[in-house]
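Here are a few notes to read alongside the model. Take them one at a time, and look for each feature in the viewer as you go.

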Amino acid sequence: MALFRFTTTKLQESQRIIPQISTILRQMSSTSTDLKAVLSTKVPKEQEKVKKFRKTHGNTKVGEVTVDMMYGGMRGIKGLICETSVLDPDEGIRFRGYSIPECQKLLPKAEGGSEPLPEGLFWLLVTGEIPTDAQVKALSKEWADRAELPPHVVTLLNNLPNKVHPMSQFSAAVTALNSESRFVKAYTSGVHKTKYWEYIYEDSMDLIAKLPVIAATIYRNTYKDGSGIGAIDTSKDWAHNFTTMLGYDNPDFIELMRLYLTIHSDHEGGNVSAHTTHLVGSALSDPYLSFSAGMNGLAGPLHGLANQEVLVWLQKLRESVGDKYTEEGLKDFIWKTLKGGQVVPGYGHAVLRKTDPRYTCQREFALKHLPNDPLFKLVSDVFKVVPPILLELGKVKNPWPNVDAHSGVLLQYYGLKESSYYTVLFGVSRALGVLASLIWDRALGLPIERPKSLSTDGLMTALKAS
């Protein structure tokens with residue numbers, strides 16, 4: 001009986017203490033400046049949540065597939081998991097549930113700055129929580145400490161001919177970094193699969209830290225005199241260091257880069273760069289190989305290259321109508337573009353059915369910092385006339401501008417005029433989203449991606465039989 005009383009007492013004490021310990025761990029998670037430690041407290045909870053959900057609803061249908069979806073690039077098929085962001089047709093992108101205006105308001109900013117820091121968004125994408133100033137500063141310093149490139153990658157970049165496209169240089173350098181993969185070393189040594197995410201995390205942190213150095217080196221080698229990019233300042237944030245390495249020191253341009261690198265980071269899981277990174281990563285390729293594959297997709301004119309296409313089109317428009325143009329002159333050029341079998345670049349989106357919030361926040365930045373710039377005024381006037389024309393055409397589901405309709409104009413204003421480089425900037429930003437997702441892919445143990453395909457004859461036969 002005495003033993004029973006002792007055991008019961010100990011059990012009651014444990015029941016009182018365990019919730020207290022859980023509370024302490026949650027508080028440590030919310031204040032710790034160590035991102036990996038914070039993530040370590042979240043991974044088991046999410047794994048258990050997904051396990052229970054799949055056990056209960058594993059056979060539940062979430063949509064249907066039509067023939068048009070199969071021939072139309074799988075558009076609209078619900079077949080992926082992306083924890084970091086969701087794209088709503090009307091609201092636009094939400095990062096872990098937060099809209100772009102909410103992120104602009106809530107995410108930490110540099111001292112005296114007005115735009116959110118990309119480090120803060122990465123913390124949000126990885127943890128689902130708005131970080132503190134201290135957590136963001138710790139992340140800035142950690143990325144600065146991890147930024148140095150291995151000698152063979154420096155040699156590769158310095159020996160690539162200028163005629164090699166910046167995106168090809170970018171992809172090649174990232175692929176060459178694969179030699180540094182901690183995941184590859186751990187996998188080769190036989191690490192347990194429950195630990196995969198920890199090494200994917202380390203590789204992702206290293207890669208994000210090094211991307212600005214790679215991108216700045218490409219810019220200096222390709223467009224400038226090939227002079228060095230200078231040293232990383234560990235007291236500065238990621239975007240500030242990147243802008244400085246590019247050779248720019250205008251405080252407003254640094255603010256623009258903070259905004260640009262934040263809003264281009266993630267756009268749920270189905271876009272080409274995100275899906276490709278996920279797909280290649282599902283084969284347990286390391287983050288360097290996976291991200292490089294995603295960047296080869298981003299380089300396409302229907303994806304990340306679109307901002308360059310917009311700028312080329314705007315320059316042709318400006319040459320055609322002049323600076324003293326009329327609204328009718330703009331309409332004539334736009335109709336000529338459409339009747340020539342071309343699209344108006346920067347307008348329309350596969351999912352969005354309203355003006356892209358990323359366009360809107362860039363427009364707000366322009367209204368604040370460059371309201372009288374002629375190219376910005378042209379973009380504003382195009383915004384007035386293109387949507388009615390596309391609606392009149394009757395074939396466009398979304399006649400509104402997307403993010404690409406604006407970004408090139410802002411970069412031009414601050415002197416970064418080399419439009420063939422713009423997709424590299426996009427790639428540096430997109431790393432935040434796709435690598436955050438890759439960490440969670442391995443944390444949740446998602447398997448290799450292998451959808452079933454049919455031939456046209458096979459599909460016809462299946463439909464006749466149904």
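**Notes on the fold and a few residues**

1. Let's begin with overall size. With 466 residues, a compact globule would have a radius of gyration near 23 Å, and the protein chain has 24 Å, so the two agree. Please keep in mind that this is a predicted model. The C-alpha trace spans about 95 × 65 × 40 Å along its principal axes.

2. Next, what is the chain built from? You can look for 21 helices and 3 strands in the protein chain.

3. Of the 466 residues, 47% count as buried. The accessible surface comes to about 23100 Å², and carbon and sulfur atoms make up 55% of that area.

4. Which residues of helix 6 are buried? They are Q135, V136, L139, S140, W143 and A144.

5. Now find I439, which sits in helix 20 (residues 422-443). Is I439 buried or exposed? Its relative accessible area is 0%, and buried means under 20%, so I439 is buried. Leaving aside neighbours within four places in sequence, I439 is in contact with L39, F122, W197, I200, Y201 and S204. Take S204 from that list: I439 and S204 are 235 residues apart in sequence, yet their C-alpha atoms are 7.8 Å apart in space.

6. Two backbone angles deserve a second look. Most residues other than glycine have a negative phi. M74 is not a glycine, but its phi is positive, near 60°. You will find M74 in the loop between helix 3 (67-71) and strand 1 (85-88). With a relative accessible area of 46%, M74 is partly exposed.

7. L284 lies in the loop between helix 13 (272-282) and helix 14 (287-298). At 28% relative accessibility, L284 counts as partly exposed.

Methods. Residues are numbered from 1 along each chain as its sequence is written. This is a predicted model: local features need pLDDT of at least 70, side-chain atom pairs count only at pLDDT 80 or more; totals for chains, interfaces and linings use all residues. Side-chain values use heavy atoms; hydrogens and water are left out. Helices (H or I, at least four residues) and strands (E, at least two) are DSSP runs, numbered from the N terminus. The radius of gyration is taken over C-alpha atoms; the globule rule is 2.2 Å times the number of residues to the power 0.38. Buried means under 20% relative accessible area, exposed over 50%, partly exposed in between (1.4 Å probe, protein chains only). Accessible areas come from the Shrake-Rupley method with a 1.4 Å probe; for residues, only the protein chains shown count as cover. Contact means heavy atoms within 4.5 Å.
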